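This report describes a protein model in a few short sections. Please look over the sequence and the structure before reading on.

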Amino acid sequence: VTIAPDNEGCPDYVGRIMKMMKKGTEELLHVHWLSGSHDTLLGEAHDKQELFLTDACDNVPLGSVVSKISVSYNAPQSDWSMSGGLPVAERKEGYFFKLWYDPDKARFEDPPSEYLDWNSSDGCCPACLRRKEADSSPTLNEKQSILQINSETYRIGDIPPYWSLFLM
């Protein structure tokens with residue numbers, strides 16, 4: 001779907017509806033955002049129909065939907081590295097994506113499998129799950145010499161269970 005931006009004159013946002021919900025009297029959509037090239041380091045120097053997956057998602061009012069659009073996944077050819085300079089295969093009309101964009105690293109990568117294998121019946125947003133997973137990354141408290149990985153705490157001299165495989 002396309003979503004109306006708060007600022008007039010800005011292009012509509014593009015997102016995939018992950019869930020519909022009601023909070024009190026307000027009807028909301030949980031949307032997984034896709035970015036156009038103008039939101040990346042490419043700027044305006046790219047195909048206007050190509051979008052990029054992101055890890056961003058948000059709840060938006062149902063009334064902010066402008067239109068329904070079609071976005072397809074154009075997987076790279078299996079021999080893409082050998083086909084440089086050859087004509088690109090014809091693509092369908094409408095928007096498409098091939099890559100995932102990481103704005104923190106200004107990097108394009110193959111889409112994470114959970115975004116491609118998403119199943120609407122499970123009700124989970126893969127962007128929310130990836131963010132939750134990233135938030136549970138290891139933390140280091142240097143003052144107390146403690147490393148926290150998920151629910152496990154390690155101190156100097158401890159050997160995490162999986163490290164013992166390398167010591168044998």
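This is a predicted model: local features need pLDDT of at least 70, side-chain atom pairs count only at pLDDT 80 or more; totals for chains, interfaces and linings use all residues.

## A buried charge

Glu50 is part of strand β4, which covers residues 50-61. When neighbours within four places in sequence are left aside, Glu50 is in contact with Ser35, Gly36, Ser37, Phe96 and Lys98.

## Overall architecture and confidence

The protein contains three helices and 11 strands. Read from the N terminus, the order of the elements is β-β-β-β-β-β-β-β-α-α-β-β-β-α. The protein has 168 residues, of which 26% are buried. Among contacts between residues at least 6 apart in sequence, 51% join residues at least 24 apart.

The mean pLDDT of the protein is 80, and 76% of the residues reach 70 or more. Confidence is highest in strand β5 (residues 65-67), with a mean of 93, and lowest in helix α3 (residues 164-167), with a mean of 50.

## Aromatic rings

Four aromatic pairs are present in the structure. In one of them, Tyr101 and Phe108 form a tilted pair, with 4.8 Å from centre to centre and 40° between the planes. A pair of aromatic rings is described by the distance of the centres and the angle of the planes. Ring pairs also link Phe52, Tyr101 and Phe108 into a cluster.

Are Tyr101 and Phe108 buried or partly exposed? Tyr101 counts as buried because its relative accessibility is 5%, whereas Phe108 has a relative accessible area of 26% and is therefore partly exposed. The cut-off that applies here is 20%, since buried means a relative accessible area under that value.

Another aromatic residue, Trp100, has a charged group over its ring. The charged end of Arg130 sits there, 5.2 Å from the ring centre.

## Trp118 and its surroundings

Trp118 is located in the loop between α1 (113-116) and α2 (126-135). Which residues does Trp118 touch, not counting those up to four places away in sequence? They are Arg16, Ile17, Met18, Cys124 and Pro126.

Of these, Met18 is 100 residues from Trp118 in sequence, and their C-alpha atoms are 9.5 Å apart in space.

Methods. Residues are numbered from 1 along each chain as its sequence is written. Side-chain values use heavy atoms; hydrogens and water are left out. Rings of Phe, Tyr and Trp (its six-membered ring) pair if their centres lie within 6.5 Å; planes under 30 degrees apart count as stacked, over 60 as edge-to-face and the rest as tilted. Buried means under 20% relative accessible area, exposed over 50%, partly exposed in between (1.4 Å probe, protein chains only). A charge sits over a ring if NZ of Lys or CZ of Arg is within 6 Å of the ring centre and within 35 degrees of the ring normal. Helices (H or I, at least four residues) and strands (E, at least two) are DSSP runs, numbered from the N terminus. Contact means heavy atoms within 4.5 Å. pLDDT is the predictor's confidence in each residue, from 0 to 100.
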